[in-house]
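I opened the model today to look up one residue and two ligands. My notes follow the order in which I checked them.

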Amino acid sequence: MSNNTDNFFLIDHPLIKRDISILRDENTPQELFRAVVKRISIILANEISREFQVTRIDVRTPLELTVGHVLSQSVVLVPVLRAGLGMVAGFLEIIPESKVGHIGLQRDEVTLKPVEYYFKTPKEIIDSVVIILDPMLATGGSASEAVKFLKERGAKKIIFACIVACPEGVTNLTSNHPDLKIFCAAFDRQLNNKGYILPGLGDAGDRTFGTL
Ligand code: PRP
Ligand code: URA
């Protein structure tokens, strides 16, 4: 994992390099696209969970009493609809005890500003590690809004997990929320004039759900 700033983490992993290439390929069919988003999400979850604290407990093996551990804080996953939904299964694979909230945000195609259409999160966000899931960090508008909503509802420890980020999105999100940790699987060159990441992978929601 390379750490470009204190709160920005680009995960450097051979399996991610292979899998990002599959996502980028315009010929990758929807079924494979979803499967690969899940695989990358498992690796992201594995890296992000290094941040978690553990509490010591007693565990009795069949032979003796020993030291074990449980997670000190509960975990709430918050996918940003729609595309973030594709990342949930990978995170649940290795953090199955997580609760899941949802934030519905849709970028206005002209202004590129996010518009909220749904918000439902468990009350536990106040004292949990909250991980926002969204494959694309483009202008950073959606991510900034999602973090703002969660903070307004009391979340204190928030992490943002994405698959592809770009300089514009990281700069915008970190200036709005300097306390936020951002994890990504690829850091791309730039945005085009329609707010799409280059080289990117296209519209993540459309490719996940076949609405091209
Ligand atoms: C995409 C993506 C992010 C957002 C990123 O969602 O999943 O939520 O765009 O762009 P931003 O950083 O410029 O805000 P979109 O609005 O296309 O909705 P969808 O997932 O329903 O397709
Ligand atoms: N949303 C996407 O799905 N893709 C982009 O490249 C930018 C925003």
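Is Pro-122 buried or exposed? I find Pro-122 buried, because its relative accessible area is 16%. Buried means under 20% relative accessible area, exposed means over 50%, and partly exposed is in between (1.4 Å probe, protein chains only).

I note that this is a predicted model, where local features need pLDDT of at least 70, side-chain atom pairs count only at pLDDT 80 or more, and totals for chains, interfaces and linings use all residues. Residues are numbered from 1 along each chain as its sequence is written, chains are lettered from A and ligands numbered from 1 in the order in which they are written, and side-chain values use heavy atoms, with hydrogens and water left out.

Next I placed Pro-122. It is in the loop between strand E8 (114-120) and strand E9 (129-133). Helices (H or I, at least four residues) and strands (E, at least two) are DSSP runs, numbered from the N terminus. I also checked Leu-77: it is 45 residues from Pro-122 in sequence, and their C-alpha atoms are 9.8 Å apart.

**Ligand 1**

Which residues come nearest to ligand 1? I list Arg-107, Asp-134, Thr-139, Gly-140 and Ser-142, out of 15 residues around it. A residue counts as near if one of its heavy atoms lies within 4 Å.

I then looked at polar contacts (pairs of N or O atoms within 3.5 Å; within protein, one must be able to donate a hydrogen and the other to accept it, and residues adjacent in sequence count only if both atoms are side-chain atoms). A polar side-chain atom of Asp-134 is 2.5 Å from an oxygen atom of ligand 1. For Arg-107 the distance from such an atom to a ligand 1 oxygen is 2.7 Å. For Arg-82, a side-chain N or O atom is 2.9 Å from an oxygen of ligand 1.

Strand E5 (75-81), strand E7 (102-107) and helix H4 (141-152) each give two or more residues to the shell around ligand 1.

**Ligand 2**

What surrounds ligand 2? I find nine names in my list: Arg-107, Met-136, Ala-138, Gly-195, Tyr-196, Ile-197, Gly-202, Asp-203 and Ala-204.

Backbone atoms make the contacts I noted here. A backbone N or O atom of Ile-197 lies 2.8 Å from an oxygen atom of ligand 2. Ala-204 also has a backbone N or O atom 2.8 Å from a ligand 2 oxygen. For Gly-202, a backbone N or O atom is 2.8 Å from a nitrogen atom of ligand 2.
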